[in-house]
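The tour goes stop by stop.

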Amino acid sequence: MTPISNTQRYTLGGFLFGLLFPFFSWILDGLFFHEMSLSLETVVQIHRINPIHFVIDSAPFVLGGAFGTIGFYIDRLKENSDLRHSNIEKYNAKNKAIIQRMRLANTFFPILIGLILVAGFLLLQDFSYKEQDDIHLIKIGSNQSTLSQKILYHSSRIPVTLEKEKIRHIDSLLITLKNFKEGHENLTQKSFTLGISKEHQNSQSIDDAFDTLASSYENIVIGIDELLNPIFAIENVDSLSLQNHEAKTVRTLEKNQEEFSSRMQSIINNYEQEAKDKVTNLKIVQFVVVVVIMIFVIALSVFGLKPMIERVKQAFFDVEEANAKSILKNERLEASQEELRMNAEELRSINDNLLSAQDEIEQKQDLLNRAEKMAKMGSFVWDLETELITHSDNLPSIYRLEKGQKFNSATFREIVHPEDYKSNQLALAEAATRNQKELLTHYRARPTHLSEKEDWKHYRAFSLINYNNEGEPYLLIGTAQDVTQEIVQNEKVKILFDNVEKNKERLEESQLLAKIVSYDMNIESEEIEWSASFEGIFQIDKKDFPNSLEEFRSWIEPKDLKRVIKKWEEAIENKEKFSEVYRIHVPKRATLYIKEKAYPSFDENDILIGKRGTLQDITKSEIFRLNIEQKSRLIKQQNDNFVSSVNYAQRIQFALLGSTREMKSIFKDSFVFFTPKDIVSGDFFWYAEVDNRKVIIVADCTGHGVPGAFMSLLGITLLNEIVKHHKITKPSEILDTLQREIIDILKQKTTGNKDGMDISIAVIDSERKVLEFAGAKNPLVYMHKKRQRGGEEKNMTVIKGDAVSIGGRNKKVQDKKYTNHVIDLEEVETFYLYSDGYQDQFGGEEGRKFMSKRFRSLLYETSTSSMLHQRRALKMTLMDWIGTEQKQIDDICIIGITV
């Protein structure tokens with residue numbers, strides 16, 4: 001019998017020894033971790049669940065190969081030992097070859113061990129990636145809870161905010177709801193575009209939790225629909241039922257959101273628990289891999305692989321480093337998760353603060369536009385941010401502007417002398433730096449249409465400066481006055497003052513004419529020397545002159561004295577000119593208004609030695625100015641009373657028009673875009689349902705504001721009589737009857753009155769399935785139900801009304817009847833009635849009219865969207881078209897109805 005070689009024996013021993021490792025791992029993972037019975041099916045299943053077993057399964061082959069290599073070289077050494085005595089050279093050569101091969105083996109086995117470690121590391125990474133899937137799902141779940149809270153916030157704000165703020169909350173709510181739906185779909189279907197691996201599977205407990213979450217999710221979505229549907233269906237109505245409905249819906253949403261957050265938190269907790277279990281299994285698997293490698297290395301060293309010990313140790317250290325990196329990566333992932341959670345909370349807090357902060361409200365006080373003309377004086381309000389100037393009617397005239405020329409910042413810059421304009425800007429900037437509330441400026445101005453031969457006129461402006469929250473000036477409110485004559489007088493006074501020593505007698509005469517008194521005061525003695533004009537102007541004897549500062553101050557009105565003293569202290573401190581207006585009480589005479597202009601005098605050591613100046617009697621002009629201010633306040637009060645009356649008239653008109661909610665009971669899918677130019681409107685809309693015929697009317701009365709409103713009230717009253725009482729529902733007959741009534745009521749045949757209205761009437765007859773139309777100048781536009789290629793020309797029809805208005809006719813068309821148009825309802829998808837206010841509105845970059853063609857194109861482009869969206873598109877387009885430079889020029893009324 002052939003003896004077993006060392007190669008065979010070592011290979012078999014290494015293979016059997018290696019079988020212990022996979023067998024031990026199967027028992028550990030199958031019986032203890034997964035609680036399975038040990039069988040072939042169990043082995044297959046744990047390999048599918050935990051791929052690390054494929055690495056451990058290689059141990060019998062690796063050990064068998066390693067031990068077999070040792071046995072093989074032992075056999076070669078034994079065979080070579082026989083040559084030791086017979087052929088020493090061959091013995092040495094074979095030994096060298098064996099040593100070389102052992103070196104190769106020494107290189108091979110470390111490489112093999114390294115490959116095993118790489119495979120183990122990759123499998124451990126697979127475990128880490130699966131754990132990352134759970135972290136990603138936890139993040140999505142947290143985001144869903146946050147979105148549900150935002151939905152509740154926006155929903156709760158809708159019932160308690162005004163129109164503009166409510167629209168912003170509705171838009172934010174719709175965006176958040178869209179993200180909420182997408183997040184729920186991704187979470188339940190685990191979209192792989194989110195970075196979740198395709199092999200990821202939920203546990204049964206999480207799947208059950210998702211089933212319970214679905215009902216909470218559906219309740220939130222349904223609650224949003226219940227909240228928004230009534231809002232979209234009701235326009236310009238503030239009813240108690242709507243408020244109760246919104247409050248009830250918000251409370252239901254709050255309950256559903258709490259239930260959704262609770263269930264979502266339960267899912268997140270399950271994910272976190274499963275992640276912790278996976279981390280525990282990962283650590284155990286890491287430990288098993290390390291133990292296997294250590295036993296493998298010890299076995300190799302025991303059987304003679306000492307040259308490989310260092311490399312095995314190095315491999316062991318590599319495994320430890322890989323484990324440490326894996327643990328470090330897990331810790332970083334956990335830290336990243338916590339950081340993301342904190343960032344999410346911080347972002348949520350910032351978002352709440354932004355939503356709760358209200359937009360800055362600009363407060364501008366309008367001055368009276370129809371104030372009584374003041375003598376060479378005008379008032380203004382200058383918005384420094386928009387460069388718009390609102391002014392009284394008299395302001396352009398004192399600046400000598402052409403009739404009809406607009407006065408704005410550009411006009412002001414053109415007419416003011418360049419040097420004075422620059423100095424005024426510097427004065428405003430300096431005042432803003434000092435945070436002054438008042439600003440007094442002087443400048444010259446001359447309109448560009450005047451020739452250069454015309455003199456520059458002088459103006460004085462007194463302004464109150466308003467500052468914004470950043471401390472920057474944004475509004476000037478004040479008056480401007482033509483002071484050319486005053487400047488001329490002051491220049492004359494200055495000339496006379498400079499030449500007083502040369503021609504004193506002439507100076508005194510001039511001062512008397514200008515009612516100016518000059519003085520010179522010595523600071524040390526406080527004695528005052530007055531000019532000779534003092535006696536003539538104040539009409540008192542020379543012996544009664546106030547020859548000292550104390551005596552003169554006793555003349556000054558006590559209420560003004562403190563201000564005068566303070567102004568003098570500032571002038572002396574700053575070494576500047578003193579100028580002030582105040583009252584004095586001349587003995588045995590009435591109170592006078594005095595303007596004092598003076599200069600403090602200093603010696604070479606900057607010590608005050610005297611004061612020199614003038615006093616001017618401005619009593620007449622000052623009393624006139626005070627009277628003008630009193631009249632301005634009276635006019636403002638009258639204007640406020642008038643506006644209050646018009647507001648009351650508006651409530652009456654809106655009550656007669658009815659609500660859009662009542663209109664929607666007749667025309668369910670419709671919108672009304674009604675925007676008066678003034679408080680009350682000359683446009684109106686009217687609707688009714690008589691004998692299964694639905695009537696809708698849009699009218700544009702002569703004029704707008706109060707005159708137009710009176711005509712609209714007359715039109716509404718007559719339509720109630722014609723349609724509701726007399727049951728006339730044919731559009732052309734309604735117009736003919738209305739024409740006769742207007743002529744009769746306004747007595748237009750005898751008085752020559754030309755007032756009337758442009759009107760369009762549409763009637764839907766559901767039984768005959770037709771749409772009837774008649775118009776007095778105003779048209780009807782309808783969109784075809786069956787759309788074709790070709791755009792507006794193929795899919796939109798415009799039916800013009802007859803070219804005669806209601807009322808105000810001349811003799812040629814006095815008896816003209818209106819045309820009745822009949823349209824098959826099968827052809828109509830949506831139709832529109834409107835006045836001419838929208839298409840006649842000026843705006844855009846060139847300040848032109850919007851025009852009917854552009855208006856009908858807008859109706860066509862938005863006709864496929866909802867009625868709410870169409871109304872919003874009309875509103876936003878109008879706002880963009882008007883901008884900040886234009887104003888609304890006419891009343892606007894547009895009605896759209898889907899058949």
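Which side chains meet in a salt bridge at 3.2 Å, N to O? Select R563 and D560: their side chains form that bridge. The term salt bridge stands for a side-chain nitrogen of Lys or Arg within 4 Å of a carboxyl oxygen of Asp or Glu.

Before moving on, some ground rules. This is a predicted model, with local features requiring pLDDT of at least 70 and side-chain atom pairs pLDDT 80 or more, while totals for chains, interfaces and linings use all residues. Numbering runs from 1 along each chain as its sequence is written, and side-chain values use heavy atoms, with hydrogens and water left out.

**Stop 1: helix 18**

Stay on R563 and D560. They sit three residues apart in helix 18, so about one helical turn separates them. Helices are DSSP runs of H or I with at least four residues, numbered from the N terminus. Colour the two by accessibility. D560 is buried at 6% relative accessibility, whereas R563 is partly exposed at 31%. The classes are: buried under 20% relative accessible area, exposed over 50%, partly exposed in between (1.4 Å probe, protein chains only).

With D560 and R563 they are linked in a network of salt bridges.

**Stop 2: a negative patch**

Select E569, E570, E573 and E576. They gather in a patch of negative charge on the surface. Patch members have over 30% relative accessible area and no salt bridge; like charges are joined within 9 Å, and nonpolar side chains (Val, Leu, Ile, Met, Phe, Trp, Tyr) within 5 Å. Asp and Glu count as negative, Lys and Arg as positive; His and the chain ends are not counted. To check distances, place each charge at NZ of Lys, CZ of Arg, CG of Asp or CD of Glu.

Zoom in on E573. It belongs to helix 18, which covers residues 558-574. E573 is exposed, at 67% relative accessible area.

**Stop 3: two further salt bridges**

How many salt bridges are there by this rule? The count is 20.

Go to E165 and R168. Their side chains meet at 2.3 Å, N to O. Both lie in helix 7 (residues 163-189), three residues apart, so about one helical turn lies between them. E165 is partly exposed at 25%. R168 is partly exposed at 30%.

Next, pick K543 and D544. This salt bridge spans 3.5 Å, N to O. K543 is exposed at 67% relative accessibility, and D544 is partly exposed at 38%.

**Stop 4: a nonpolar patch**

Select L12, L16 and L19. They form a nonpolar patch on the surface, with about 270 Å² of accessible area together. Accessible areas come from the Shrake-Rupley method with a 1.4 Å probe, and for residues only the protein chains shown count as cover. L16 is placed in helix 1 (residues 6-33). L16 is partly exposed, at 48% relative accessibility.

**Stop 5**

A66 lies in helix 4 (residues 59-81). Is A66 buried or exposed? A66 is buried, with a relative accessible area of 0%.

**Stop 6: cysteines**

Finish with C701 and C893. C701 is buried at 3% relative accessibility. C893 is buried at 0%.

How values were computed
Helix = DSSP H or I, 4+ residues; strand = E, 2+ residues; numbered from the N terminus.
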